[in-house]
Amino acid sequence: MSTATEPRWRRLEPDQRRSQILACARRLFGARPYSEVSATEIARQAGVARGLINHYFGSKRDLYIEVMREALTIPASAVEKLPRGSVEERVDAAVDWLLDMLTRHGDTWLAATGAQGLGPDPELERILAEADDESAARVLDALGFGDDAEHREELLAMVRSYSAMAKAAGREWLVRESLNRAQVHSLLTRTLLAVVRDAFPAVRGERA
């Protein structure tokens, strides 16, 4: 049999196959409810054999959880690419990164921030909470507070609280269209700077 007649998935490297599956699942789960997306459809659109979804991810549920986790986790590469400037410059760049991500993957992000596809699911809730924790830790690193072991838990809690507001602001922009991108950018940068300048020092005992 010639290579021209082989299925497309045989010409993909393992990492490419996995990435292709994730990309298609991200698009489909962002566009439709969990119950309306089948593993067979994901495999067909990804150009891979149906069994590879089980091989790389397990069940459709496992794949969905991975898509949701990925959508809410700030990647380490995003922190590494921030400018080596002032806190103001880093905050501005970080918020720009977030809004650029929402422009590209807003549907998937909205599905993740309101993930209801599996109903009450302790494992999904745990994994999404872990994604929030991991992202909060990366925000602390980005702002230069990652080495503060003494106050780490309080600082992480403040970042998670800020993140909840950022999620609400994102929905105001993407769903309700009550704010535009510039307004969301202003809200998120000013609020995060207030957290860094006022709330963080208070927790660390730097102000009365």
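**The whole chain**

The model is predicted: local features need pLDDT of at least 70, side-chain atom pairs count only at pLDDT 80 or more, and totals for chains, interfaces and linings use all residues. Residues are numbered from 1 along each chain as its sequence is written, and side-chain values use heavy atoms, with hydrogens and water left out.

Display the protein chain as a cartoon. Its secondary structure comprises nine helices and zero strands; helices (H or I, at least four residues) and strands (E, at least two) are DSSP runs, numbered from the N terminus. The C-alpha trace spans about 75 × 35 × 35 Å along its principal axes. Of the 208 residues, 39% are buried, where buried means under 20% relative accessible area, exposed over 50%, and partly exposed in between (1.4 Å probe, protein chains only). Among contacts with a separation of 6 or more, 68% are between residues 24 or more positions apart; contact means heavy atoms within 4.5 Å.

Select R26, which lies in helix α1 (residues 14-31). R26 counts as buried because its relative accessibility is 19%. Its side chain is joined to that of E70 by a polar contact of 2.8 Å. A polar contact is a pair of N or O atoms within 3.5 Å; within protein, one must be able to donate a hydrogen and the other to accept it, and residues adjacent in sequence count only if both atoms are side-chain atoms. Leaving aside residues up to four places away in sequence, R26 touches V67, E70, H105 and T108.

Next, select helix α2 (residues 39-46), in which A39, E41, I42, A43 and A46 are buried. These buried residues pack against α1, α3 (51-57) and α4. Just after α2, G47 takes a positive phi of about 75°.

**Second stop: α4 and α7**

Two packed helices are described by the angle between their axes and the distance between the axes. Select helix α4 (residues 60-72) and helix α7 (residues 122-143), which pack at an angle of about 25° with their axes 9 Å apart. Axes are lines fitted to C-alpha atoms, for helices over the stretch in contact, and angles run from 0 to 180 degrees between N-to-C directions. The two helices, α4 and α7, are therefore roughly parallel; angles under 35 degrees count as roughly parallel, over 145 as roughly antiparallel, 65 to 115 as roughly perpendicular and the rest as oblique. On the α4 side, show R61, Y64, I65, M68, R69 and L72; on the α7 side, show E123, L124, I127, L128, A131 and S135.

Select helix α6 (residues 87-113) and helix α9 (residues 181-203), whose axes come within 9 Å and cross at roughly 140°. The pair α6 and α9 is therefore oblique. Residues of α6 in this contact include V91, V95, L98 and L99, and those of α9 include V184, L188, L192 and V196.

Within helix α9, select A194. A194 is partly exposed because its relative accessible area is 33%.

Select E177, in the loop between α8 (152-176) and α9. Although not a glycine, E177 has a positive phi of about 55°. Most residues other than glycine have a negative phi. E177 counts as exposed, at 65% relative accessibility.
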